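Please examine both before reading the solutions.

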Amino acid sequence: MFTEFARRIEPRLRYALAGCLNSDLARDATQEALTYAWNHWDKIERLDNPGGYLYTLAKRWGWKQRKRPSPLPEIGVVDSSPGEPGLARALGHLSAMQRQAVYLVEGLGLTQQETADLLGVGRTTIQTHLERALAHLREELGVTIDE
């Protein structure tokens, strides 16, 4: 009975969770919920809406994972920069997340998705922080983009 339930509910649960979690986290949250269901099947199978219960359980698990501290140390601001003299000051005016996005994407060459996975956030979150950070740096350093 559990196997049939899991086959039916797994894709629907993962798809529903993708609306509020990134795809990797949605997949992990789905697996956590199904593991819970397996271990507590006697309770789950008696519920009126076992899929809804597992959705709530998985969503809470996923949100807790997102709120965990970043696995990376805070990116500090270097006092002196070998290139642009005002860069350190400008970086100091960015939020911690913006500094991390700039450092990982522009400095280390990671993709936005790799950065998002590393920091446990969605790719669009990284894109937003990166765009805002780069716009701020260009404005503060007086850099214009030739189009």
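The model is predicted; local features require pLDDT of at least 70, side-chain atom pairs count only at pLDDT 80 or more, and totals for chains, interfaces and linings use all residues. Residues are numbered from 1 along each chain as its sequence is written, and side-chain values use heavy atoms, with hydrogens and water left out.

**Exercise 1. Determine the secondary-structure content and the extent of burial.**

Step 1. Helices (H or I, at least four residues) and strands (E, at least two) are taken as DSSP runs and numbered from the N terminus. On this basis the protein has eight helices and zero strands. The order of elements from the N terminus is α-α-α-α-α-α-α-α.

Step 2. A residue is buried under 20% relative accessible area, exposed over 50% and partly exposed in between (1.4 Å probe, protein chains only). Of the 147 residues, 31% count as buried.

Step 3. A contact means heavy atoms within 4.5 Å. Among contacts between residues at least 6 apart in sequence, 60% join residues at least 24 apart.

**Exercise 2. Identify the nonpolar cores and the helices that supply the largest one.**

Step 1. A nonpolar core is a set of buried Ala, Val, Leu, Ile, Met, Phe, Trp, Tyr and Cys residues joined through side-chain atoms within 4.5 Å. The largest such core has 18 residues, of which Phe 2, Phe 5, Leu 17, Leu 21 and Leu 54 touch the most other members.

Step 2. At least two residues of this core come from each of helix H1 (2-17), helix H2 (23-39), helix H3 (41-44) and helix H4 (50-66).

Step 3. Take Leu 54 as an example. When neighbours within four places in sequence are set aside, Leu 54 contacts Phe 5, Leu 13, Ala 33, Leu 34, Tyr 36, Ala 37 and Ile 44.

Step 4. There is also a second, separate core of 14 residues, which includes Ala 90, Leu 94, Ala 133 and Leu 137.

**Exercise 3. Describe how H6 packs against H8, and what surrounds H6.**

Step 1. Axes are lines fitted to C-alpha atoms, for helices over the stretch in contact, and angles run from 0 to 180 degrees between N-to-C directions. The axes of helix H6 (residues 96-107) and H8 come within 8 Å and cross at roughly 95°.

Step 2. Angles under 35 degrees count as roughly parallel, over 145 as roughly antiparallel, 65 to 115 as roughly perpendicular and the rest as oblique. H6 is therefore roughly perpendicular to H8.

Step 3. On the H6 side, the contact residues are Met 97, Gln 98, Ala 101, Val 102, Val 105 and Glu 106. H8 contributes Ile 126, His 129, Leu 130, Arg 132, Ala 133, Leu 134 and Leu 137.

Step 4. For the classes, Ala, Val, Leu, Ile, Met, Phe, Trp, Tyr, Cys and Pro count as nonpolar, Asp, Glu, Lys and Arg as charged, and the others, Gly among them, as polar. The contact of H6 with H8 comprises nine nonpolar, two polar and two charged residues.

Step 5. The buried residues of H6 include Arg 99, Gln 100 and Leu 104. The cover over the buried residues of H6 includes H5, H7 and H8. After H6 comes Gly 109, with a positive phi near 80°.

**Exercise 4. Locate the salt bridges and state the exposure of the partners.**

Step 1. A salt bridge is a side-chain nitrogen of Lys or Arg within 4 Å of a carboxyl oxygen of Asp or Glu. The count by this rule is four.

Step 2. Arg 14 pairs with Glu 10, with the closest N and O atoms 2.8 Å apart. Arg 14 is partly exposed at 34% relative accessibility, whereas Glu 10 is buried at 18%.

Step 3. Arg 27 and Asp 24 form a salt bridge with the closest N and O atoms 3.3 Å apart. Both lie in helix H2, three residues apart.

Step 4. Arg 89 and Glu 140 meet at 3.5 Å, N to O. This pair links distant parts of the chain, with Arg 89 in helix H5 (residues 87-92) and Glu 140 in helix H8, 51 residues apart. Arg 89 is partly exposed at 49%, and Glu 140 is partly exposed at 23%.

Step 5. Finally, salt bridges with shared partners join Asp 24, Arg 27 and Asp 28 into one network.
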